[in-house]
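Here is a short tour for anyone who likes to see the numbers behind a fold. Have a look at the model first, and then read on.

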Amino acid sequence: MGFSVIALTIVMVKFWQLTSLRAESRKALDLALESWRNRDADGAIAMLSDKRPVESIVAYSMDALRSTSRDVATVREEAERRALNTLHDLRSNLRPLEIIASLSPLLGLLGTVLGMITAFQSMETAGSQVDPSVLSGGIWQALLTTAVGITVAIPVVALHAWLERKLERIAHIMNDAVTQV
């Protein structure tokens, strides 16, 4: 239950973060790139927000190419460094989701093994007076822990994959936009 609460909290925070940043939004980015292609560097940079990850990297690239005599390779390298740092920040707390998805079924399996041990111990203490309900009740309890572990793991794996894919799209948009600049 603790893992499910932690995972849900992380997913809600990441969803809020990505939604508030509108990191995948291309509207202003496409308009800025069009202005950049039309040689309106000031207008292009003015359209971009420093608060949005993709737009801030593109704005840096445009500003660096417009206002300095640095070569394109140097600007690209610095833009890549900034993009990697931004993506690293966006990926924060995804590792715990991966760990929760891996550990939940294992903890459930541990509960099953411990429950089975308890069921067989109660069978042993009953001796020849074994009641099938004692064994079936212990097995039922033991298997319940595995079911709970899997129930936590399945949505966490799916949500982790969804968040990873969103970050891959953001990385692709960053790379594409900086290459266009």
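Predicted model: local features only at pLDDT ≥ 70, side-chain atom pairs only at ≥ 80, totals over all residues.

Residues are numbered from 1 along each chain as its sequence is written, and side-chain values use heavy atoms, with hydrogens and water left out.

The protein chain has seven helices and zero strands (DSSP runs of H or I with at least four residues, and of E with at least two, numbered from the N terminus). Its radius of gyration is 26 Å, well over the 16 Å that the globule rule gives for 181 residues, so the chain is more spread out than a compact globule (C-alpha atoms; the rule is 2.2 Å times the number of residues to the power 0.38).

| Property of the protein chain | Value |
|---|---|
| Buried residues (under 20% relative accessible area, 1.4 Å probe, protein chains only) | 35% of 181 residues |

What sits inside? The largest nonpolar core has 39 residues, and Leu29, Val58, Met62, Leu97 and Ile170 have the most contacts inside it. Such a core is a set of buried Ala, Val, Leu, Ile, Met, Phe, Trp, Tyr and Cys residues joined through side-chain atoms within 4.5 Å. Its largest share, nine residues, comes from helix 7. Leaving aside residues up to four places away in sequence, Ile170 touches Leu18, Ala23, Glu24, Val54, Leu87 and Leu90 (contact means heavy atoms within 4.5 Å).

Terms used:
Buried < 20%, exposed > 50% of the residue type's maximum accessible area, 1.4 Å probe, protein only.
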